[in-house]
Amino acid sequence: MNPLPILGQGTWNMGEDPSARAAEVAALRLGLDLGMTLVDTAEMYGEGGAEEVVGEAIAGRRDDVYLVSKVYPHNASRAGVRAACERSLRRLRTDHLDLYLLHWRGGVPLAETLEAFERLRDEGKIRAYGVSNFDTDDMLEAAALPGGSGIAANQVLYNLVQRGIEWDLLPWCRERGIPVMAYSPLESTPAGQTPLLTRPQLGEVARRHGVTPAQVALAWLLRQDGVVTIPKAVQPAHVRANRAALDLAPQLTADDLALLDAGFPPPGRRRPLAMR
């Protein structure tokens, strides 16, 4: 599997409002133009609507895109995974996914889902497979199953506020070379609010560099070894700001990082995996 780009584009909440479709497509295309070639989506987002938006956005440039989608847990049986994948491929207007994830754990045995993933990979419908919202115990269980060694990524909630994975999950994945994909990198609420960005420490680092607090929050994630970040943006200025965070990341100083740790302390004990 090729390395995942460390900065991509998320699509949560896309495909839900037909009047926003043109702007969503344009934003994704701009992101691709700026080099953010990983696009993350899921059959759950807009019940397929986000995949349709992505399909339109990547039309004619599929070879430039690292395409990720996710399957509902209730579709994670042998037959269900195949049918769900084929529906996603139709909506995305492509013949393969670069990475296919189990969105979260459900009632279907993991061994069955992994078997279905392996079959799809063998048939060329997916290039790689992985999981999402898996804690350390889940990863240990999956790794011990047939097909578990093929898990190529784990997508979880991770940002300056939600740092619990640093205690055990992130080190475990790093040791095995399994990338962690960080969703909700700005800790946005379902209503679209981002209280994280009002923290004074974040504001101070932003002032030092002449950037926005959101860019600092993204840059902090982009510095984390083995972590892929997938912010969502619809406004062109927001897309460009996200891309600029990649250039900011290496400019953060030891003093900047210490100030962020003071405002957003790393975990001092094991915590249950946060999910959204």
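How many helices and strands does the secondary structure of the chain come to? The answer is ten helices and eight strands, where helices (H or I, at least four residues) and strands (E, at least two) are DSSP runs numbered from the N terminus. Before we walk through them, note that this is a predicted model, in which local features need pLDDT of at least 70 and side-chain atom pairs count only at pLDDT 80 or more, while totals for chains, interfaces and linings use all residues. Residues are numbered from 1 along each chain as its sequence is written, and side-chain values use heavy atoms, with hydrogens and water left out.

Let's start with the overall dimensions. Along the principal axes, the C-alpha atoms of the chain fill a box of roughly 55 × 45 × 30 Å.

Strands of a sheet pair through backbone hydrogen bonds, either parallel or antiparallel. Here the sheet is open, its eight strands follow the order β1-β2-β3-β4-β5-β6-β7-β8, and the pairing is parallel; two strands pair if DSSP finds at least two bridges between them. At the edges lie β1 (8–9) and β8 (227–229), each of which pairs on one side only. For a look inside the sheet, take β2 (residues 38–40) and β3 (residues 66–71), parallel strands joined by three bridges. Here D40 stands opposite V68 in β3.

Next come the helices. Two packed helices are described by the angle between their axes and the distance between the axes. Helix α1 (residues 21–33) and helix α9 (residues 236–248) have axes that come within 9 Å and cross at roughly 30°; axes are lines fitted to C-alpha atoms, for helices over the stretch in contact, and angles run from 0 to 180 degrees between N-to-C directions. That makes α1 roughly parallel to α9, since angles under 35 degrees count as roughly parallel, over 145 as roughly antiparallel, 65 to 115 as roughly perpendicular and the rest as oblique. In their contact (heavy atoms within 4.5 Å), A27, L30 and G31 of α1 meet P236, V239 and R240 of α9. These residues divide into four nonpolar, one polar and one charged; Ala, Val, Leu, Ile, Met, Phe, Trp, Tyr, Cys and Pro count as nonpolar, Asp, Glu, Lys and Arg as charged, and the others, Gly among them, as polar.

Helix α1 also packs with helix α2 (residues 49–57), at an angle of about 55° and with the axes 9 Å apart. The two are therefore oblique to each other. On the α1 side, R21, E24, V25, L28, R29 and L32 meet E52, V53, V54, E56 and A57 in α2. By class, this contact has six nonpolar, no polar and five charged residues.

Finally, turn to helix α3 (residues 78–92) and helix α4 (residues 110–122), which pack at about 45° with their axes 8 Å apart. This pair, α3 and α4, is therefore oblique. The contact draws on R78, V81, R82 and C85 of α3, and on E112, T113, E115, A116, F117, R119 and L120 of α4. Its classes are five nonpolar, one polar and five charged residues.
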